[in-house]
Amino acid sequence: MDFELDEESRAFADSVRRFARDKLAEGALRRAHESAYPWDVARMLAAQGLLGIPFAEADGGMGGTLLQAVIAIQEVALVCPRSADIVQAGNFGPIRTFVEYATPGQKKRFLPDLLAGKTLMSLGMTEPDAGSAVTDLQTRAEMEGTVYVVNGSKIFSTHSPEANLFLIYVRYGPGVGGIGSVLVERGTPGFTIGKPSSFMSGEQWAELHFEGCRIPAENVLLGPGGFKKQISGFNVERLGNASRSLALGRYAFNLAREHALVRKQFGRPLCEFQGLQWKFAAVASADKGLPAAYETAAAKLACNTAGWEAANEALQVMGGTGYSRDTLVEYCVRRTRGWMIAGGSLEMLKNRIAESIFDRRFDQRPG
Ligand SMILES: Cc1cc2nc3c(=O)[nH]c(=O)nc-3n(C[C@H](O)[C@H](O)[C@H](O)COP(=O)(O)OP(=O)(O)OC[C@H]3O[C@@H](n4cnc5c(N)ncnc54)[C@H](O)[C@@H]3O)c2cc1C
C-alpha cells in the first residue's frame, strides 16, 4: 500500500498547518495545562471547517474523507497538542458513531451545535466492573410504557464534566446481543454527574449515575443487537487516538532535537554525545513504524508505542527542562501514556492481533 499523500491531500495538510501556526501556536502551552475545554478554539476550528470533516454535507459536515480528518488532527497536534482533542471530538469520538446511526430527527436536534463547537458529546462505555471486559456492562435500559428507564453507573468518560450529550452503552437484555445505546442529555431527571476527577493527562472525567432516569424512545440510538455497530464506530475513535499518539511523539522529538543541537554540557552540544545520538536513532526508526498493518488494532498498537517511546526519550534528552512544565514534552509523555490504556489497552489489542494471526478466537473468560 502507498502511504504517500496525493497532491490534494498535501494541499489540505499545508492549509491546516498554516492555519494552526497562525492561530494555535500562541497559547499552546497554556492550553495544555488548563483542564477546561478550550471552547474558543472549538469555535475557531468549526469556522475553519475542521469539525465534521468526513461527515456528509447533508448532515452539516464537510463531505471530506477520514484520511483528511487524520491529516487535520496530526497537523493541529503538531502545533497545539491540546487543540487536537477538539478535532478528535468533532470527527473521531462518539460523534462518529452518532452520525452513523442516528435518525434524521436526532441529527437535527444535536448535530448543528456539536459541529459549531458549541456543545460536546461524551461516551459512557466503561463501568466500575466492566473495563476491558466491556460486554460485562450492567447499566440497564428497561421499557416502561413509552419511555426507557435507565439505571447504572459509568466511569472514566472523557469530557463528562462539560458535555451536554452522553452516548451511553446500555443493556436491554442478557448477553452481547442485549447491548445497545441511548442518548442522555445533561439535566435529565435521574441523571447525576459526579465531582470531576483528573487523569494523569490533566483531562477530566466524572462518574455518571443513572437512577430511574426516564428517557423517551426517540433517544434510543441503537436497540438490542447494536453492540457490533457501536464498536465499528469506536474503531474510528481509535484511529484518532493513534494519530494523536504519533503526532505528540513527533512534537516531543522535534523539540528534543532542537534542544540537543543548542544545549551545551561539558563544552559540547548534547547531540555530540553518542549516548544521546543512540536515542534519536532508536526513536527515528520507531517514528517510521507508521501503521504498516491494515487493521485498526495493529495501527493503534504501533502508533501508541511509537508515540510514547518518542515522547519519553525526548523527555530524557531534555533533562530537567523536559521534565518541567515549561515545555510541552512532559505533557506529550503523559498524554501518549494514557492512550496505551484508553480505547483498547495495548494488551487487548495484542489479544485481537493474535486472534487474526491464528485465525481463531481466544475467549478471555474462564471455562
Ligand atoms: C485517558 C483515558 C480516557 C478514557 N476515556 C473513556 C471514555 O471517554 N469513555 C469510556 O467509557 N471509557 C474511557 N476510558 C476507560 C478505558 O476504556 C478503560 O480504562 C480501558 O478499557 C481499560 O479498562 P480498565 O481501566 O477497567 O482496566 P482493566 O480492564 O481492569 O485492565 C487492567 C489491566 O489488565 C489488562 N487486561 C485486562 N484484561 C486482559 C486480558 N484479557 N488479557 C491481557 N491483559 C488484560 C489491561 O490491558 C490493563 O493493563 C478512558 C481511559 C483513559 C485512560
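A polar side-chain atom of glutamine 364 lies 2.7 Å from a nitrogen atom of the ligand. Such a polar contact is a pair of N or O atoms within 3.5 Å. The model is predicted: local features need pLDDT of at least 70, side-chain atom pairs count only at pLDDT 80 or more, and totals for chains, interfaces and linings use all residues. Residues are numbered from 1 along each chain as its sequence is written, and side-chain values use heavy atoms, leaving out hydrogens and water.

| Residue | Distance from a ligand nitrogen atom |
|---|---|
| Threonine 158 | 2.8 Å |
| Asparagine 351 | 3.1 Å |
| Glutamine 364 | 2.7 Å |

Taken alone, the ligand exposes 980 Å², and the protein buries 68% of that. These areas come from the Shrake-Rupley method with a 1.4 Å probe.

Around the ligand are 19 residues, of which Thr126, Ser132, Ser345, Glu347 and Gln364 come nearest. A residue counts as near if one of its heavy atoms lies within 4 Å. By class, this shell has seven nonpolar, ten polar and two charged residues. Ala, Val, Leu, Ile, Met, Phe, Trp, Tyr, Cys and Pro count as nonpolar, Asp, Glu, Lys and Arg as charged, and the others, Gly among them, as polar. Helix 13 gives the largest share of the shell, three residues. Helices (H or I, at least four residues) and strands (E, at least two) are DSSP runs, numbered from the N terminus.

Now the helix packing. Helix 8 (residues 227–262) and helix 10 (residues 296–317) pack at an angle of about 25°, with axes 7 Å apart. Axes are lines fitted to C-alpha atoms, for helices over the stretch in contact, and angles run from 0 to 180 degrees between N-to-C directions. Helix 8 and helix 10 are therefore roughly parallel to each other, a term for angles under 35 degrees. Their contact residues divide into 14 nonpolar, eight polar and two charged.

Conventions: Parallel < 35°, antiparallel > 145°, perpendicular 65-115°, else oblique. Polar contact = N/O pair within 3.5 Å; in protein donor to acceptor, adjacent residues only side chain to side chain.
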